[in-house]
Amino acid sequence: MRALIVSDIHSNIEAFRAVVADAEARGGFDEIWSLGDLVGYGPEPSECVELLRAHSHNAVVGNHDLAAVGKLSLERFNPYAAAANRWTAARLTREQADYIGGLPLTLELDEFTLAHGSPRNPIWEYLVTVDAAIACFTHIDTYWCLVGHSHTPFMCIPQGTTGAAFLAFPPDRLVQLDSRPLIVNPGSVGQPRDGDARASYVIYDDSAGTIVHHRVAYDIAATQEKMRRHGLPDYLIERLAVGM
Ligand code: ZN
């Protein structure tokens with residue numbers, strides 16, 4: 001079984017389609033695992049929901065998803081995110097909103113725990129500190145954990161008995177999984193923030209026991225044009241070009 005692992009698609013169908021096509025060209029996949037924030041920020045929320053649902057998939061819910069279906073207050077969203085989220089809420093069909101609202105906060109698949117932010121706080125925690133990483137290792141019952149939310153690809157391993165080390169996750173290098181704990185963030189499909197504007201994703205191959213990170217270019221200008229047409233905030237449009 002090969003899983004296409006994606007996170008933070010954020011209504012960017014151009015990026016999502018490019019990821020699916022690239023993964024298909026690199027040997028294909030059997031299912032998609034989505035780590036949340038399918039919608040919010042970008043111009044095509046409904047299309048992203050439908051592309052995910054066109055494939056066999058497993059998905060957890062993110063903070064933008066919950067806000068877009070009225071299950072999370074926009075109080076903690078910055079003004080740009082809140083404006084885009086209100087726009088998103090009005091675009092989703094009732095049926096799509098019900099689907100999103102029914103997604104779980106965490107999932108265990110194979111030896112992975114999936115959460116948007118972190119296993120202990122799936123909605124809000126950014127798993128970017130040693131403290132959060134240690135809490136994650138003690139929190140999960142599986143060997144490995146998959147998170148999104150920070151829009152930055154990385155791997156994290158325990159260090160000694162009380163530490164954790166964040167490692168770069170360079171594209172195209174096969175990583176062999178073993179029984180040692182590991183946290184993986186596949187980066188963001190629709191709004192990367194690590195200085196690389198290309199869409200980011202991971203392929204997990206369960207028979208080989210490997211994961212690999214890939215980047216793929218997509219038509220950023222097309223997404224930006226659609227966002228402009230819908231009057232989405234300039235800040236959100238411009239950041240796509242720089243991947244920050
Ligand atoms: Zn996000």
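Let me begin with what kind of model we are looking at, which is a predicted one: local features need pLDDT of at least 70, side-chain atom pairs count only at pLDDT 80 or more, and totals for chains, interfaces and linings use all residues. Residues are numbered from 1 along each chain as its sequence is written, and side-chain values use heavy atoms, with hydrogens and water left out.

I will start at the metal. The zinc ion has as its protein donors Asp-8 through OD, His-10 through NE2, Asp-37 through OD and His-151 through NE2, at 2.1 to 2.5 Å. Donors here are N, O and S atoms within 2.8 Å of the metal (3.2 Å for Na, K and Ca), and since water is not among the atoms, sites may look incomplete. The angles among the 4 donor atoms run from 85 to 173 degrees, and the site is classed as irregular. On that scheme, four donors count as tetrahedral if all angles lie between 85 and 135 degrees, four count as square planar and six as octahedral if opposite donors are over 155 degrees apart and all others between 65 and 115, and anything else is irregular.

Along the chain, the donors follow the spacing D-x1-H-x26-D-x113-H. Two of them, His-10 in the loop between β1 (2–6) and α1 (13–25) and Asp-37 in the loop between β2 (31–34) and α2 (45–53), are 27 residues apart and link distant parts of the chain. Helices (H or I, at least four residues) and strands (E, at least two) are DSSP runs, numbered from the N terminus. Both His-10 and Asp-37 are buried, where buried means under 20% relative accessible area, exposed over 50%, and partly exposed in between (1.4 Å probe, protein chains only).

The loop between β1 and α1 also holds Ser-11, which has a positive phi of about 60 degrees although it is not a glycine. Is Ser-11 buried or exposed? Ser-11 counts as buried because its relative accessibility is 0%.

That brings me to the sheet containing β1, an open one of 6 strands with mixed pairing and the order β3-β2-β1-β11-β12-β9. Two strands pair if DSSP finds at least two bridges between them. At the edges of this sheet are β3 (57–59) and β9 (175–176), each pairing on one side only. Strand β1 is mostly covered, with 4 of its 5 residues buried. On one hand, β1 runs parallel to β2 with 4 bridges, and Leu-4 has Ile-32 as its bridge partner in β2; on the other, β1 runs antiparallel to β11, also through 4 bridges, and there the bridge partner of Leu-4 is Ile-203. Together, β1, α1 and β2 form a right-handed β-α-β unit, a crossover being right-handed if, with the strands pointing away from the viewer, the path from the first strand over the helix to the second runs clockwise.

Now to the other sheet. This open sheet of 6 strands has the order β4-β5-β6-β10-β7-β8, again with mixed pairing. Its edges are β4 and β8 (163–167), each with a single partner strand, so one side of each is left without a neighbour in the sheet.

Within it, β4 (residues 106–109) and β5 run antiparallel and are joined by 4 bridges, with Leu-109 standing opposite Phe-112. The hairpin of these strands has 2 residues between them, and there Asp-110 takes a positive phi near 55 degrees. In a regular strand the side chains alternate between the two faces of the sheet. In β5 (residues 112–115), Phe-112 and Leu-114 point one way and Thr-113 and Ala-115 the other way, and all are buried.

On its parallel side, β5 is joined to β6 (residues 144–146) by 3 bridges, and Leu-114 stands opposite Leu-146. The strands β5 and β6 make a right-handed β-α-β unit with helix α6 (residues 130–139). Further along, β6 pairs in the parallel sense with β10 (residues 182–185) over 3 bridges, and Trp-144 has Leu-182 as its bridge partner.
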